[in-house]
Amino acid sequence: MTDLIIFSDGWKFFIFSLGITLSLRSRLNQSKIESLSILLPSKILSTIKSGTSFSERVMASIYKCTPYNSAVYTHLDYFGHLHTTVQFFLRNIARIILHSMQLSLPFSSIRSIAYNREYLILDDNSTIAIDWAYTRSYNDDNVSESVKIQQETCTVLICHGICGDSQAEYIIHLVEKLLSVSFNPASRRRYEVAVMISRGCGGLPLSSYDTFGGHSKIDDIHAAVCAVRDRYPNNKIFLLGFSLGGAFSLKYLAKYNVTDATDSSSPIENAAIVTAAMCVSPPWDFHKATPVFPIWNFLLAFPLKQYFLRHFLWPLNTSTTNNEESEQKITSAMNASEKRNERNKKFLSSVGIWRVMMAMSLSQLDELLYPIFDESYQSVKCYYTAMSPVLDSHKINTPTIVVNAIDDPVCCHTGAPDNPDDLGPGLAVIKTRFGGHLGFPEGLLPLKDAWTDRLALEWFNQF
């Protein structure tokens, strides 16, 4: 009887193991077919090329871009932690090693990427910047001037995530991808790549009252887009936002880019500046969180603490620029901002350094710091509601695709619109089963392009 029980338990375990194996195998097969879902608006926007609808452009981008084959550790990573972190660490390690050896990035002809920084002093004395990317390429000399003249030049403006800058891993590799296309003699396009640096990020001083968040960030994106247009007035402009920068990019498109960019009859102040846009892993609804978000809520608090302490404890020692003229403008803007000085005093007296250091999450930091920066809302919850792009998704007319992964551990995919009637005529929501947050790695060692990098290129090539 005992032997029978042991045998039956072992048989049950064998059946259970076999069931898991078969389910994983079927899941693997289905992931290649059903791992991507696309939500298109009920009202389709006709765009530049005659006879081509917005939905056809989306489908063409998806099908021209090779299908997303998630990393080999997909089925060990249900909550997307590995998709989010493995590519990040491997890319940074490879970048440090190759940079020290003066070698090119993996699978690339580009030796190194550098930036020329353009400073913008806004009306409220705030300071933002645009980092214009350039590179020394092995293939640059092979591109003749006649080929360069024949190539159409477009500009891509990138908005980084929380406390990021132009040196972020996901931005460096995208910039490398866009510039490598520009130096290809067979390419019909050349891309000027610009990265918008938000207030207080990337070595910028916090010269105004407001930080990088809130409605100021939306207005800052508009100022950056206008600066890009003024520098290259004949170029098509594409907007690409990551994470929090993607959420604010959607808010910008709903607020400013309200008409068709190809409508020549529209007044210039009302016409859309951005031709097309793409957002990767944006938070749609700041009230919704993933089951594992408390882990990331704790981890993401550290760069935000560093941000505030750097600007409140050492506000005048922030490195800015070697350009004397820009240095004088920034210094005068900092000295002219009386609200900034009041903010610093209020921060030190009411909040204190110790309470900021002891905050255990982003939510706690918002509760502490929110009353200092924005008193136009009754509570932090009201602020979260106002800044959630899901409320403005129906206003987006600009051709825009948004990519979210279902296993994103940071930004909850359920906050995205799920009804075609809730989408503006230019908005499409793409969800993948795997990908993590700003990850979308492929292969065993994800050192090459992320899937979203290739999708962005295919999407912009449709216009």
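Analyst: Start with one term: buried means under 20% relative accessible area, exposed means over 50%, and partly exposed lies in between (1.4 Å probe, protein chains only). The model is predicted, so local features need pLDDT of at least 70 and side-chain atom pairs count only at pLDDT 80 or more, while totals for chains, interfaces and linings use all residues. Residues are numbered from 1 along each chain as its sequence is written, and side-chain values use heavy atoms, with hydrogens and water left out.

User: Is D131 buried or exposed?

Analyst: The relative accessible area of D131 is 2%. The limit for buried is under 20%. Therefore D131 is buried.

User: With which residue does D131 form a salt bridge?

Analyst: A salt bridge needs a side-chain nitrogen of Lys or Arg within 4 Å of a carboxyl oxygen of Asp or Glu. For D131, the closest N and O atoms of the pair are 2.7 Å apart. The pair links distant parts of the chain, from D131 in strand β3 (residues 127-137) to a partner in strand β2 (residues 110-121), 14 residues apart. The partner is R117.

User: How many salt bridges does a search of the whole structure find?

Analyst: One of them joins the side chains of R229 and D230 (3.7 Å, N to O). Another joins D392 and K395, with the closest N and O atoms 3.4 Å apart. E152, R188, R189 and K236 are linked in a network of salt bridges. The search finds 10.

User: Which backbone oxygen does the side chain of T290 reach?

Analyst: T290 sits in the loop between β7 (274-280) and α8. Helices (H or I, at least four residues) and strands (E, at least two) are DSSP runs, numbered from the N terminus. The side chain of T290 reaches the backbone nitrogen of F293 at 3.1 Å. At 2.6 Å, T290 also reaches the backbone oxygen of P409.

User: Which residues have the most contacts inside the largest nonpolar core?

Analyst: A nonpolar core is a set of buried Ala, Val, Leu, Ile, Met, Phe, Trp, Tyr and Cys residues joined through side-chain atoms within 4.5 Å. The largest one has 103 residues, and helix α5 (residues 169-182) gives the most to this core, with 8. Those with the most contacts inside the core are V175, Y191 and M278.

User: Which helix gives the most to the nonpolar patch?

Analyst: Patches are made of residues with over 30% relative accessible area and no salt bridge, with like charges joined within 9 Å and nonpolar side chains (Val, Leu, Ile, Met, Phe, Trp, Tyr) within 5 Å. Here I295, F298, L299, F302 and M360 make a surface patch of about 450 Å². M360 lies in the loop between α12 (353-358) and α13 (362-373). The helix that gives the most, with 3 residues, is α8 (residues 293-299).

Conventions
Areas by Shrake-Rupley, 256 points an atom, 1.4 Å probe, with all protein chains shown as cover. Polar contact = N/O pair within 3.5 Å; in protein donor to acceptor, adjacent residues only side chain to side chain.
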